[in-house]
Amino acid sequence: MKFKLVSKFEAKGDQPKAIKQLAHNLKAGVKDQVLLGVTGSGKTFTMAKVIEEMQKPTLVISPNKTLAAQLYQEFKEFFPNNAVHYFVSYYDYYQPEAYIPQSDTYIEKDAKINEEIDRLRHAAVQDVTTRKDVIVVASVSCIYNIGSPENYENISLEIKLKQGIKRKDFLILLNNLQYQRNDIDFKPGTFRVRGDLVEIYIVTGEKILRVEFSGDKIEKISETAPGLGQKYKTSGDKIKLFPAHFWVTPQDKVNIAINNIRLELEQRLKELKKQNKLLEAERLEQKTNYDLEMLKETGWCHGIENYSSHMEFRKPGQAPFSLVDYFNYFNPNGSLMFIDESHISISQIRAMSVQDKIRKQTLIDFGFRLPSAIDNRPLTFAEFEKRQKQTIYVSATPADFEKQKSGRHIAEQLIRPTGLLEPAIEIKKTENQIKDLIEEIKKEVSKKQRVLVVTLTKRLAEEISDYLVERGIKTQYLHSEIKTMERPEILKNLREGKYDVLVGINLLREGIDLPEVSLVAILDADKEGFLRNKTTLIQTMGRAARHLNGRVILYADKMTFSMQSAINEVERRRKIQEDYNRKNKITPKTIIIDIRDWGFSKKEDIDSEFWMVHDKKLLEKEMKIAAKNLDFERAAEIRDLIKKLNMKKPA
């Protein structure tokens, strides 16, 4: 399908000029451009119009999961008939594997994977491989290794009606795709077998396939949506199944990879013993041999990503495969990339590989990992730049890097179609700032308006939040330790009035759309540094720019260079908007943005009672058949499964 934008909005203000300029340059082959747009000028709408004009697969990179979620929702609404996906790190909690030599402390990798985000990641990658009308909104984690796109495509399994294949061979192929057999806890990425029926819960979670065998061929393929009372309906003549995990290698190549890992292990052990590092050698040998046994038996092991260079047959130092590579591999005719809030996203991308390398090198030096583990990493900035196709950097405050790279190709959106002005700015002393803050909050709450309070640390954000709650103010804190799926829900609750105040640090800065917020209070505004420089101050103050009565209070005892620079820029933009309003006789009005449901944050699982009843009937039937055939051992196994299902039955 082609991209078709659906919206009640029309391009206004600076938007028509920016859209025309960006699209014209893209068609002319310009590689790098900047969209400099102030808060509330409709940058996302402009991006959507450019995508519709260019009709190319698009990757949108965002600096954090919260902003990515907001952009995902917006693009989903703009393109309801196209493939719009959300791709962020799937960890609710992540403690990377590490070693601290000073205290001889080994920290094992500890992580809690969010299964819903994992399904969304797979859905995104699968559509990138099969569709051209695809938009993926991703966090900067999209530059991490996810395995070879060629392997991902080649190992996929096509199921055809009337296909000649034995059931046991079919199950082996499912195992090769890393689908796991599970007759009780049926969930995405698993399959179960009932006689001649094989049911497969697709890893993306969107449907369940049923493959029926007759002799040594596939007799029928049907599918159903997860949920209570859903019936199976006939599917197409063929369906393509993609791997349930990334880093999956064709079985014929796994043995070659295992041999290569063994050769590296032997070489590394010689080096360690030569250096008289006997403890490190023993540790490495034991750990690696265990992983090799798992790989040999199952084609998978925990921490398989550390062997990714062998599984993908990459040379030492060769760049890993990221989501960016998937866009390039499956779209040889080109794709688009938008880097949102580029002033911060670019710096994050630049730093990621450096931090990762330092940690991995320590693990290698002390015998916890093979040297090749260092090639399981994010792209370096140079590698990322090499993979960039046509790119548009989007920001209200683009950095010098983006400006220099784009040259004269800078499209400006300084006009808000709503006529809203930049917020009024007031500076107050820090003495008794919390007492004063409470009075200011009460003023806004009495008018049913919302407040953002911006602190310097997570601990301070939590303490201020607790203090305000004790004084009867509906308050919640928001920072990076809040789970990914909970953050959009907190923002939604603020907009709906379940909270009147949100206290945070970075997550209340770039791009968050909260039109009910009339006051932004910035504590310790005169503490020069990253969190209080010109760019971050402008971005933070912009959160009040969507309200007719938007204002900002800077709590500070002195005027810093960053404060003055930010105030000057805000005043400059305010004057441009005032002139536009006067010329076009526009009366400013508050932006109205629908309060969206965060669709999959509370996604319901399959109704377990329905599936248990369904399972029991099939199992009872299979148990009777086994008993009739005098296969009493199998009948007993099935009887035990039925008992377990009865124990799991919901109250």
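## Phe45 and Phe9

Phe45 has a relative accessibility of 6% and therefore counts as buried (under 20% relative accessible area; exposed is over 50% and partly exposed in between, with a 1.4 Å probe and protein chains only). Phe9, at 48% relative accessibility, counts as partly exposed. The model is predicted: local features need pLDDT of at least 70 and side-chain atom pairs pLDDT 80 or more, while totals for chains, interfaces and linings use all residues. Residues are numbered from 1 along each chain as its sequence is written, and side-chain values use heavy atoms, without hydrogens and water.

A pair of aromatic rings is described by the distance of the centres and the angle of the planes. Rings of Phe, Tyr and Trp (its six-membered ring) pair if their centres lie within 6.5 Å; planes under 30 degrees apart are stacked, over 60 edge-to-face, and the rest tilted. The count by this rule is 16 aromatic pairs. Phe9 and Phe45 are edge-to-face because their planes stand at 75 degrees, with the ring centres 6.3 Å apart. This pair links distant parts of the chain, 36 residues apart: Phe9 lies in the segment before α1 (15-27), and Phe45 in helix α2 (residues 43-54). Helices (H or I, at least four residues) and strands (E, at least two) are DSSP runs numbered from the N terminus.

## Aromatic cluster

Tyr152, Phe242, Phe246, Tyr326, Tyr329 and Phe330 are linked by ring pairs into a cluster. Within it, Tyr329 and Phe330 form an edge-to-face pair, 4.8 Å centre to centre and with 80 degrees between the planes. Tyr329 is partly exposed at 37% relative accessible area, whereas Phe330 is buried at 9%.

## Charges over rings

The charged end of Arg210 sits over the ring of Tyr232, 3.9 Å from the ring centre. That of Arg350 sits over the ring of Phe401, at 5.1 Å from the centre. The criterion is NZ of Lys or CZ of Arg within 6 Å of the ring centre and within 35 degrees of the ring normal.

## Strand β9

Leu157 and Ile159 make up the covered face of strand β9 (residues 157-160), and Glu158 and Lys160 the uncovered one. Strand β16 (residues 238-241) pairs with β9 in the antiparallel sense over four bridges (pairing requires at least two DSSP bridges). Lys240 in β16 is the bridge partner of Glu158.

## Helix α4

Helix α4 (residues 115-130) has 16 residues, of which 14 are buried.

Key. Expected span 1.5 Å × (residues − 1).
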